[in-house]
Amino acid sequence: MALQLARGSQRHRSATHRLLPASIKAFPISKPCYGVFIARRYSAESEQETPQGRYWAKIPRWQDSSVDTFLSHKWQMSNSIHTLPGLTDLMRSVLPEIIPPQRPLRGRQSEYPGVSTPDDFIRSFEVAAQQAPMAFRLSPHILSVINWTDPLNDPVRRQFIPLESTINVTHPAAKLDPLHEVDNSPVRGVIHRYPNKALFMGELNVPSHQLSNAE
């Protein structure tokens, strides 16, 4: 079954493809869901090394997971990280002793001039999380495709794990509810903005999403 990427701009499709490892492409896929790619079950007897290799083996806590186990949707959900202590513990196990500096972005100054060690990185992350205390849930797949040897420059890390930024500050006109969804919500889980339409939200938390727009 061919994987159908979500409709949208070419940039969105490229970003989605960036999150899809070659290992997943080799197996039938049901659907992509916020970083948790749901692979159809296949027998353990047919298990083999993925084309990209065991890309999750660089994460100590998952290095012994088999291909069959790691590609299981239920295993991905049950092993997702959704607490700040859990995420900082994982960071301490994968970050290098010396973190490479950020490469210049279109001639701009570095966003993280003081981040060069794991403690610096984690401290910057904790500050960003405090500035935008949103719920999050990151799957093992997302955390495994991040290049932890160069976390300041990795695009997947930038999307899902924000750091305190010295360039992008909170805009004075920023609002937590810019679309006024609270005003248009007569009951929890329902948004009724237009006379002939209503949006029903069966789940208020998505399986995996970024902490904030701090970057």
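Student: In which element is Thr88 found?

Tutor: Thr88 is found in helix 5. Helices here are DSSP runs of H or I with at least four residues, strands are runs of E with at least two, and both are numbered from the N terminus. This is a predicted model, in which local features need pLDDT of at least 70 and side-chain atom pairs count only at pLDDT 80 or more, while totals for chains, interfaces and linings use all residues. Residues are numbered from 1 along each chain as its sequence is written, and side-chain values use heavy atoms, with hydrogens and water left out.

Student: How confident is the prediction, and where is confidence lowest and highest?

Tutor: The chain has a mean pLDDT of 76, and 67% of its residues reach 70 or more. Confidence is lowest in strand 2 (residues 36-39), with a mean of 40, and highest in helix 5, at 96. Residues 1-17 have pLDDT below 50, and this stretch makes 14 contacts beyond near neighbours in sequence; a contact means heavy atoms within 4.5 Å. Residues 209-215 are also below 50 in pLDDT, with 31 contacts beyond near neighbours.

Student: Is Thr88 buried or exposed?

Tutor: Relative accessible area decides this: buried is under 20%, exposed is over 50%, and partly exposed lies in between (1.4 Å probe, protein chains only). Thr88 counts as buried because its relative accessibility is 8%. Not counting residues up to four places away in sequence, Thr88 touches Ile122, Phe125 and Glu126.

Student: Which backbone oxygen lies 2.9 Å from the side chain of Thr88?

Tutor: It is that of Pro85, which lies 2.9 Å from a polar atom of the Thr88 side chain. A polar contact is a pair of N or O atoms within 3.5 Å; within protein, one must be able to donate a hydrogen and the other to accept it, and residues adjacent in sequence count only if both atoms are side-chain atoms. Ser93 counts as partly exposed, at 36% relative accessibility.

Student: How does one check the length of a helix, and what does helix 6 pack against?

Tutor: The expected span is 1.5 Å times one less than the number of residues. Helix 6 (residues 118-131) has 14 residues and should therefore span 20 Å; its end C-alpha atoms are 20 Å apart, which agrees. Its buried residues are Pro118, Asp120, Phe121, Ile122, Ser124, Phe125, Ala128 and Ala129. These pack against helix 5 (84-94) and helix 8 (155-160).

Student: Which residues touch the most other members of the largest nonpolar core?

Tutor: In soluble globular proteins, nonpolar side chains tend to be buried together. A nonpolar core is a set of buried Ala, Val, Leu, Ile, Met, Phe, Trp, Tyr and Cys residues joined through side-chain atoms within 4.5 Å. The largest one here has 32 residues, of which Leu87, Met91, Phe121, Leu143, Trp148 and Ile161 touch the most other members. At least two residues of this core come from each of helix 3 (67-70), helix 5, helix 6, helix 7 (140-145) and helix 8. Helix 5 gives the most, with four residues.

Student: What is Trp148 in contact with?

Tutor: Leaving aside neighbours within four places in sequence, its contacts are Ile59, Leu90, Met91, Val94, Leu95, Pro96, Phe121, Leu143 and Ile161.

Student: How many salt bridges does the structure hold?

Tutor: Side chains of opposite charge can pair when their charged atoms come close. The criterion is a side-chain nitrogen of Lys or Arg within 4 Å of a carboxyl oxygen of Asp or Glu. The structure holds three salt bridges. In one of them, Arg92 meets Asp119 at 3.1 Å, N to O. Arg92 lies in helix 5 and Asp119 in helix 6, so this pair ties together parts that are 27 residues apart in sequence. Asp119 is partly exposed, with a relative accessible area of 42%.

Student: Where do Asp150 and Arg103 lie?

Tutor: These two side chains meet in a salt bridge at 3.2 Å, N to O. Asp150 lies in the loop between helix 7 and helix 8, and Arg103 in the loop between helix 5 and helix 6, so that distant parts of the chain, 47 residues apart, are linked. Asp150 is buried, at 14% relative accessible area.

Student: What separates Asp120 and Arg123?

Tutor: Being three residues apart in helix 6, they are separated by about one helical turn. Asp120 is buried, with a relative accessible area of 16%, whereas Arg123 is partly exposed, at 48%.

Key
pLDDT = per-residue confidence, 0-100.
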